[in-house]
Each structure stands twice: as C-alpha cells, then as structure tokens.
Amino acid sequence: MSASLTLPSTGGAMPLRARLLPLLGAAVIAATYLMLVLLQPTEAAAGLTSWPAVTAFAGYLAGAVLLLAGVLPQLPTSVVALIPVGLVLNIVLGQFVGSTLVPLYLDSIGTVLVGFLAGRSAGAATGVLGSLVWSLFNPTVLPFAAGAAVIGFLAGTAARLGALRPYVAVVAGIITGIVAGVISAPVAAFVYGGTSGAATGAIVAMFRAMGDSLLASVTKQALISDPADKAVAFLVAALLVLALPRRIRLQFPLPARAAARRAKA
C-alpha cells in the first residue's frame, strides 16, 4: 500500500506535540464545561452578547484549536478535507430535525463519521467546531459543545474496537448516547431550565408533571433520547463508511489500519 494513503511514519513514536496538545485541548474543553455547570449562566443561551457566552465560545474554540494543532499534522489531506463535510452534515441535519417533533437530534452524524475515519482527536475537534459554527446563528447549541467533543472521541474509540460493523455500531451508539446524555443533562437543566427542543421539552414536562426534579427530568429525557439518537447516528455513519469504494476508504487512517490488521491475521 502506498505510504501516502496512511498516517505519516513517525518511527513508531508519536511526536510529543501530537500527544500533549490534544490533552491540553481536552482539558480546556472540560474546564469550559465545568464553568457552565457550576456557574449556571442562563445568559449563555442568548448568543455572543454576554460574557458567559463569549467565555464559553472562547474556551471551546481554544480547545478545538489545540486538538486540531495536535492532530492535523498527523492526518492525510483526505481527512482534513472531510472535517468541513462533517460540520455541514451536523448543522444541516441538526437544524432540520430540531424544527420537527421528532425526539431525536441527528446533529452528530458528521462528527461520528470523522471519528470513524480519522480517530478520536479529529472526531472531538469536529464536534466542537460544529457546535461553534452552528452557534453563530443558533446560540442554543453552544453550551453543548463539550458533549459533542465526547461523541467524536468515543466514535474514534469505537472505530478502533470494530464499530464499523453495523451491529457493533448500534451498540457503540447506545453506550455513547448514555454518556452524552449524562454530560448534556446538567447543561440543559442549569443553563436552559429544561431543554431547547420542542419534542424533548415535552418529555421533560411529562417527567416534571410526575413530580421529578428538573435535573432528574432532564436526565431521564436525555437517557431516552440520546441513546436512540446516537444509535442511529453511529449506524448511518458506519453504513456511509462501508458504502465508500475500498480505494477511497483506505485513504483514511482507521479503515487503513483495520485493513492492515486483517492482512496480517
């Protein structure tokens, strides 16, 4: 196989920058998320007209830049070109589905697709960047950028463990949805006082009417919607990868590594 189709050779050792910068980026994203949860700034949902929103945007942007600075030099051009495609998929599908009464989001298919093809850091960066770009005209998505990063990271992890097989993708999506739901619930509860979606808001209202607290209601809603949503996202992304011609698929790092392992077996 041509060396241009795989990751650049580093003599068996990953450069220090490629290891430290993604870790630093993840730490910045986690710190921004904790700021939103601990301070509970409801102004963050109003767009870039308040200091909480500006701080959150700057923190998530810095985290995404650090992730990309660490991972981009290690990626082939095919992956770099794929990231904008992932952003568009997230925004277009998320904006459309969010305007319906479907209690799903479908705003992470692009993130999962990049994670499947390019790995954890690229997937996490795509998730954060998608939230940042989308927030410029839909501010409600900004506080959820940390959850988007986790989805991309777990997609890359799942791909390393064989999630490109459809039935494995569904299971990986359900697990990712549980994690994402737990992460997003405090933001939805404390920043929005519930949830910003019409269909998901109705589910929260149902649990509230049954006597649950706000956080418990939002968490239960997330644990219903997110696993189903991510199962669909992971399945669709896996099918998209498998639909690619083999020659094109092998231009991406994780499918190329999987093929190399199969060839050695």
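Q: A nonpolar core is a set of buried Ala, Val, Leu, Ile, Met, Phe, Trp, Tyr and Cys residues joined through side-chain atoms within 4.5 Å. Which residues touch the most other members of the largest nonpolar core?

A: The model is predicted. Its largest nonpolar core has 55 residues, and those that touch the most other members are I29, Y60, V112, F116, V128, L132 and F234. Two or more residues of this core come from each of helix 1 (16–39), helix 2 (51–71), helix 3, helix 4, helix 5 (120–135), helix 6 (145–160), helix 7 (166–192) and helix 9 (214–243). Apart from this core lies another, of 5 residues, including A185, A188, V204 and V218.

Q: Which residues does L132 touch, not counting residues up to four places away in sequence?

A: Its partners on that count are F57, Y60, L61 and L142. L132 and Y60 are both among the residues that touch the most other members of the largest core.

Q: Why are helix 3 and helix 4 called roughly antiparallel?

A: Helix 3 (residues 77–98) and helix 4 (residues 109–118) pack at about 155 degrees. An angle over 145 degrees counts as roughly antiparallel. The two helices therefore receive that description. Their axes lie 6 Å apart, and the angle and the distance between the axes are the two quantities by which packed helices are described.

Q: What makes up the contact of helix 3 with helix 4?

A: Helix 3 brings V79, L82, I83, G86, L89, N90 and L93, and these meet I109, G110, T111, L113, V114, L117 and A118 of helix 4. By class, the residues of this contact are 10 nonpolar and 4 polar, with no charged residue.

Q: Why does N90 count as buried?

A: N90 is a residue of helix 3. Its relative accessibility is 3%, and buried means under 20%. N90 therefore counts as buried.

Q: What does the side chain of N90 reach, and with which residues is N90 in contact, leaving aside its neighbours within four places in sequence?

A: The N90 side chain reaches the backbone nitrogen of I109 at 3.5 Å. Leaving aside the sequence neighbours within four places, N90 is in contact with D107, S108, I109, G110, T111, T126 and W134.

Q: How do you know whether V182 is buried, partly exposed or exposed?

A: V182, in helix 7, has a relative accessibility of 48%. Buried is under 20% and exposed is over 50%, with partly exposed in between. V182 is thus partly exposed. Outside the four places in sequence on either side, V182 is in contact with Y33 and L223. The C-alpha atoms of V182 and G147 are separated by 9.2 Å, although these residues are 35 apart along the chain.

Q: What makes P22 a buried residue?

A: P22 belongs to helix 1. Its relative accessible area of 11% falls under the limit of 20%, and P22 is therefore buried. Leaving aside neighbours within four places in sequence, its contacts are R17, L66, L67, G70 and S121. P22 and A125 are 103 residues apart along the chain, with their C-alpha atoms 9.3 Å apart.

Q: What is noted about the phi of Q40 and the phi of L106?

A: Most residues other than glycine have a negative phi. Q40, which is not a glycine, has a positive phi of about 50 degrees. L106, also not a glycine, has a positive phi of about 50 degrees. Q40 is placed in the loop between helix 1 and helix 2, and L106 in the loop between helix 3 and helix 4.

Q: Why does Q40 count as partly exposed, and why does L106 count as buried?

A: Q40 has 38% relative accessibility, a value between the limits of 20% and 50%, so Q40 counts as partly exposed. L106 has 19%, which is under 20%, so L106 counts as buried.

Q: How do you know that F252 and G59 are buried?

A: F252, in the loop between helix 10 (246–249) and helix 11 (253–264), has 7% relative accessibility. G59, in helix 2, has 12%. Both values are under 20%, and therefore F252 and G59 count as buried. F252 lies 9.7 Å from L82, C-alpha to C-alpha, across 170 residues of sequence. The C-alpha atoms of G59 and P253, 194 residues apart along the chain, are separated by 29 Å. Not counting residues up to four places away in sequence, G59 touches V28 and T32.

Key: Residues numbered from 1 in each chain as written. Predicted model: local features only at pLDDT ≥ 70, side-chain atom pairs only at ≥ 80, totals over all residues. Heavy atoms only, no water. Axes fitted to C-alpha atoms, helices over the stretch in contact; angles between N-to-C directions. Helix = DSSP H or I, 4+ residues; strand = E, 2+ residues; numbered from the N terminus. Parallel < 35°, antiparallel > 145°, perpendicular 65-115°, else oblique. Contact = heavy atoms within 4.5 Å. Nonpolar A, V, L, I, M, F, W, Y, C, P; charged D, E, K, R; others polar. Buried < 20%, exposed > 50% of the residue type's maximum accessible area, 1.4 Å probe, protein only. Polar contact = N/O pair within 3.5 Å; in protein donor to acceptor, adjacent residues only side chain to side chain.
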